[in-house]
Amino acid sequence: MAVALACVAGAAEAANCRSAPVPGIDWRDCNKSRLILKDANLEGATLVDTDFSETDLRGARLNSANLEKATLLRASLAGASAEKANFGKVEAYRSDLSGLSAENASFASAELQRSRFIDAWLKGADFQKAELGRAEFSGSALANNSFALANLSRADFRGTTLEGPVDFAGAFLFLTRFEGVDLGAATGLRQEQIEIACGDAATKLPRGLTAPRNWPCAFE
């Protein structure tokens, strides 16, 4: 059994860009754009700098995979699992991460403008310094997250559930949509951030913060 496991591990380590997807594969710097990798098992894979532009990764298993600096432009990870995965510094403009399960994953310093995290499970995920302009988080579950210093301009959190502390320290919240959201568990928020964000009468703020007079925001 030990010999067989060693052979599998060795095969994964020796994999190249033409190899089929298997757990632990090394596809660093590979071009995997415009492929159908639906339900692929890439757990623990090395995917650093890999190009997945417009690739179908729906339902893929990416738990503990390292996708640092990968390109995911217009890719779909809908319904994928990515617990403890590293998406740090990825370029994922307009990617679909709806239904993604990414507990304790890292999206630190990632480029995620206009990406969709609708109904995603994101507890413990790190979004520090991420670019999330116009990203959609509707219906997602948050707890123990950090959006510190993230750009959340025009991001949409309507329908999101904050089930534990979520750090917004230094985050840019220009027209960020919090209508109906309970922000009571949010930390790091300052009144000046709330003044440029958007909420309504159903938005609950942390103690010491007050709703601006211009709420609800007017949208064309």
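Helices (H or I, at least four residues) and strands (E, at least two) are DSSP runs, numbered from the N terminus. The structure is a predicted model, in which local features need pLDDT of at least 70 and side-chain atom pairs count only at pLDDT 80 or more, while totals for chains, interfaces and linings use all residues. Residues are numbered from 1 along each chain as its sequence is written, and side-chain values use heavy atoms, with hydrogens and water left out.

**View A. Leu142 in strand β1.** Leu142 counts as buried, at 0% relative accessibility, where buried means under 20% relative accessible area, exposed over 50% and partly exposed in between (1.4 Å probe, protein chains only). Leaving aside residues up to four places away in sequence, Leu142 touches Leu122, Lys123, Phe147, Phe157, Thr160, Thr161, Leu162, Glu163, Gly164 and Val166, a contact being heavy atoms within 4.5 Å. Between Leu142 and Phe172 there are 18 Å from C-alpha to C-alpha, at a separation of 30 residues in sequence.

**View B. Ser33 in the loop between α1 and β1.** Ser33 is buried, with a relative accessible area of 16%. When residues up to four places away in sequence are not counted, Ser33 touches Asp51, Phe52, Ser53 and Thr55.

**View C. Arg114 in the loop between α1 (2-13) and β1 (141-142).** With a relative accessible area of 33%, Arg114 is partly exposed.
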